[in-house]
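Please read the following account with the sequence and the coordinates open beside it.

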Amino acid sequence: MNAPLTLAHYMTVAGLLFLIGVFGALTRRNIIGILMSIELMFNAANINLAAFDRFLHPEGVTGQALALFVMTVAAAEIVVGLALLLAIYRGTDTVYAEDFNLLRG
Amino acid sequence: MIEHAYLIPLIPLAASALMHFGAKEDPHSPAPWIGVVAMAICLGMSLSILSAVASGSVAVPYEHNWPWFSFAASIGGKSFIYDMPVGVLIDGPAAVLLVVVTLVSLMVQIYSIAYMHDDTRYMRYFGFVSFFTASMLGLVVSSNLLVGFMSWELMGLASYLLIGFWFEKDGPTEAQKKAFMTTKLGDSGLYVALLFLFAKVGSFQLTQIHHFYDKGYMPAAAAAAIAIGLLFGAMGKSAQFPLFIWLPDAMEGPTPGSALIHAATMVAAGIFLVSRTYFCFLAAPQVMHAAAWIGCATAFLAAAMALVSYDIKRVLAFSTVSQLGFMMCALGVGGYTAGLFHLTTHAFFKALLFLGAGSVIHSVHTNDLRLMGGLSKKMIVSFFTILAAIAAISGIPFTSGYYSKDMILANIWHSGDRPLFFIMLFTALMTAFYMSRLFILAFWGEARDHEKHHHAHESPFLMTGPLVLLAFLALTSGFMLDRHGLVYKLLPKPTISVMPGEVAREHAPPATLVSATMPAEGGEHAAAPSEAKAEEHAPAHEAAAEHGEHHEGHLPHALHLALPFLVLGSIGFAFFLYKGPDYAAAESLKATFAPVFTVLDRRWYLDDAFDLLVVFCDKVAALAFWIDANVVDRVFVDGWGLLMRIVSEISNLIDALFVDRTVDGFGGLSLDLGVGLRGLVKDGQVQEYLMYVAIAFSLAATLILTR
């Protein structure tokens with residue numbers, strides 16, 4: 001139980017988190033759920049950034065800084081997403097992704 | 001002064017440009033004096049160089065080179081760097097020629113100021129004359145055969161411009177084309193020779209080429225080929241048989257221009273080229289022998305033509321050709337000094353003759369000797385100066401022509417070729433005859449055309465002044481140069497120590513060869529200084545030394561004494577035939593030998609032969625054109641086109657049937673596939689798209705990771 005944490009551990013966690021995100025994004029009908037799943041995938045990537053930085057270049061904090069940037073951008077992006085959702089909901093009275101097919105070709 | 005020798009061609013060139021582009025066309029413009037002053041400066045420089053060379057205060061040959069360009073070439077796997085310097089090489093002959101050219105050109109220009117005063121293209125004429133002289137001077141001073149060749153060609157251009165100066169008339173236009181094309185024919189030989197020389201030696205520098213020859217590196221066959229090419233170039237420029245046809249027509253230009261062409265520049269260039277590359281000829285004795293006979297044929301044929309012509313300038317042109325034949329013959333038998341000596345003296349008296357003839361033509365407005373006569377009373381200066389020139393060219397004792405022609409004949413005598421000697425002796429007597437004939441017809445007796453005679457007048461001072469100076473030189477230059485063996489000192493015959501092909505047998509140590517040669521390295525030829533010293537330090541033994549060393553310059557005593565009497569006899573014969581107003585004796589002789597006279601009057605049918613040659617070439621070209629149009633075009637070009645059309649029709653069919661079908665098939669297949677795939681997907685479902693993206697991405701990732 002005292003074995004130190006390696007890069008592989010972090011990557012496994014990040015991978016699982018990413019898969020959960022993918023699964024959620026593909027299966028949730030509610031757009032809000034899909035957005036949350038996308039947030040999960042962002043966080044998986046952030047874990048990878050921080051882990052790789054820590055293990056490969058321990059002298060700096062570039063990865064952690066970048067992860068903070070990603071969080072900021074993700075927050076901004078989710079604001080846009082939710083605003084769009086609100087606009088769509090006002091027009092169509094629904095939050096289910098399968099009903100949003102205005103772009104069908 | 002000799003270190004500024006490069007200025008000598010450049011000053012007239014600048015003067016020419018100034019007169020061409022700087023001055024307005026105006027018959028009273030003082031601008032021609034630019035050319036005169038430029039030429040006077042050059043003459044001053046040349047005289048100082050000549051006196052320095054003659055007194056021995058500068059070492060000749062003097063050579064100075066400036067870098068021009070260099071290039072790398074790879075031959076047979078090895079790479080070479082060729083340096084092409086540009087520079088001056090002044091040796092004795094060059095120093096003499098510089099003085100001759102600048103002096104004659106100066107005289108011609110001063111004379112022309114009066115002669116050309118009412119011409120509409122006054123300035124252009126003087127520009128041409130300066131340009132012409134500059135080209136010749138460039139050839140004389142250049143140490144580099146490539147620069148020499150450029151000057152040579154510029155001279156061809158200048159002669160073309162000057163001969164066709166009055167281009168409104170048909171005669172000059174035809175003559176300039178004839179001159180240009182005939183000399184270019186010769187130049188092609190020179191060009192090949194220069195290429196060959198460069199291929200063998202790897203340099204255009206005269207001193208280096210001489211060195212190469214001197215060590216016997218040049219194979220005999222190559223030496224012969226190069227000598228033939230050089231000789232061919234000289235034959236064109238110096239009007240040797242059979243390329244002399246251009247020179248008699250070249251008198252269509254302004255008469256002072258003719259004087260320049262005949263005395264100082266154009267025709268002297270060929271002889272000078274041969275003398276400058278004399279070592280190339282020494283290495284090819286057969287070619288030298290051929291040159292001697294070509295010179296002999298030229299001298300004889302031209303002299304014979306001069307016997308019957310009634311055009312004063314034409315007689316002089318034929319006499320130039322004949323005298324050039326003498327020079328070529330002298331060079332051919334090894335009489336280097338004699339040939340160049342004659343070139344020098346000939347330049348003076350031939351310039352004088354042409355300028356004098358110009359003075360006569362200016363005065364009576366005709367070229368026809370039959371319409372002159374009795375001019376001695378009207379044109380006293382022209383009369384006496386032309387008399388001096390005729391005495392010189394005929395070889396009256398103690399005039400310049402006497403010394404130089406005597407030396408040429410002596411050289412031919414000592415070459416041991418008796419037929420050659422007797423033909424040349426006979427030609428020398430013919431020279432005296434036709435010049436006396438010209439003189440008698442123009443000046444002697446009574447006027448034949450009284451109207452022309454009445455209008456005749458002496459020319460202005462600007463024309464008679466140069467005549468008097470040239471007459472002085474025509475009379476005395478021979479004596480001045482012949483005295484104390486100066487001519488041998490100034491014009492020493494070049495030598496080559498090893499004949500081609502002998503180098504394998506003579507394994508002499510290179511050091512001895514070098515010491516005997518390489519003028520570039522400050523040494524003269526081994527023989528020349530010793531001769532010069534012998535003459536300087538022992539004047540008492542001069543005559544003996546001369547006899548010992550230059551015996552080839554003297555005829556056997558009996559011949560030497562008999563020659564003047566033969567010449568006088570020839571002149572007497574001319575007087576006998578042409579005395580009296582209607583020269584009845586000559587006319588009866590002409591009637592008796594009518595066919596001979598016709599042949600001579602038709603110029604040995606050489607022009608007709610060249611005409612036939614041109615017509616023949618034209619016919620051959622027409623035949624070739626017919627073959628081209630009917631056989632080559634029909635069969636090969638048209639047939640090939642037809643074949644190509646058939647092939648492309650087939651290709652088109654294949655393209656339409658197979659290639660296009662395949663292309664269309666792929667397009668259709670893609671279309672069908674796309675339509676089919678679209679059926680699988682429910683439209684507009686974001687999550688479904690996302691799923692495909694995820695599947696595709698994970699497939700790609702798997703592929704990359706497992707690779």
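Two strands are said to pair if DSSP finds at least two bridges between them, and helices (H or I, at least four residues) and strands (E, at least two) are themselves DSSP runs, numbered from the N terminus. This is a predicted model, in which local features need pLDDT of at least 70 and side-chain atom pairs count only at pLDDT 80 or more, whereas totals for chains, interfaces and linings use all residues. Residues are numbered from 1 along each chain as its sequence is written, while chains are lettered from A and ligands numbered from 1 in the order in which they are written.

In strand 2 of chain B, I81(B) is the bridge partner of A72(B), and G87(B) of that strand stands opposite N65(B). Is strand 1 of chain B largely buried or in the open? Strand 1 (residues 62-75) of chain B has 14 residues, of which one is buried, so the strand lies largely in the open. Here a residue is buried if 20 or more other C-beta atoms lie within 10 Å of its own, exposed if 12 or fewer, and partly exposed in between, with C-beta atoms placed from the backbone.

The loop between helix 2 (32-55) and strand 1 of chain B holds G56(B), which counts as partly exposed because it has 13 C-beta neighbours inside 10 Å. From G56(B) to V681(B) the distance is 111 Å, C-alpha to C-alpha, and the two residues are 625 apart in sequence.

Helix packing can be followed in helix 15 (residues 336-364) of chain B and helix 16 of chain B, which pack at an angle of about 145° with their axes 9 Å apart; axes are lines fitted to C-alpha atoms, for helices over the stretch in contact, and angles run from 0 to 180 degrees between N-to-C directions. The contact involves residues of helix 15 of chain B including F349(B), L352(B) and G356(B), and residues of helix 16 of chain B including T385(B), I386(B) and A389(B), where two residues are in contact if their C-beta atoms, placed from the backbone, lie within 7 Å. The residues of this contact divide into eight nonpolar, five polar and no charged; Ala, Val, Leu, Ile, Met, Phe, Trp, Tyr, Cys and Pro count as nonpolar, Asp, Glu, Lys and Arg as charged, and the others, Gly among them, as polar.

Two loops of chain B deserve attention for their backbone angles. Most residues other than glycine have a negative phi. F398(B), in the loop between helix 16 (380-394) and helix 17 (400-415) of chain B, has a positive phi of about 70° although it is not a glycine, and F398(B) is partly exposed, with 14 other C-beta atoms within 10 Å. A239(B), in the loop between helix 8 (220-237) and helix 9 (246-249) of chain B, likewise has a positive phi, near 55°, but A239(B) counts as buried because it has 32 C-beta neighbours inside 10 Å.

W152(B) belongs to helix 5 (residues 145-163) of chain B and counts as buried, with 27 C-beta neighbours inside 10 Å. Leaving aside residues up to four places away in sequence, W152(B) touches L139(B) and A269(B).

In chain A, I88(A) is found in helix 3 and is partly exposed, with 16 other C-beta atoms within 10 Å. Its C-alpha atom and that of F100(A), twelve residues apart along the chain, are separated by 8.6 Å.

The confidence scores remain, with pLDDT being the predictor's confidence in each residue, from 0 to 100. The mean pLDDT is 88 for chain A, where 96% of residues reach 70 or more, and 82 for chain B, where 91% do. In chain B, confidence is lowest in helix 22 (residues 510-516), at a mean of 36, and highest in helix 5, at 91. Over residues 504-548 of chain B the pLDDT is below 50, and this stretch has 40 contacts in the model beyond near neighbours in sequence. Where pLDDT is low, the predicted coordinates should not be read in detail. The model as a whole scores ipTM 0.81 and pTM 0.71.
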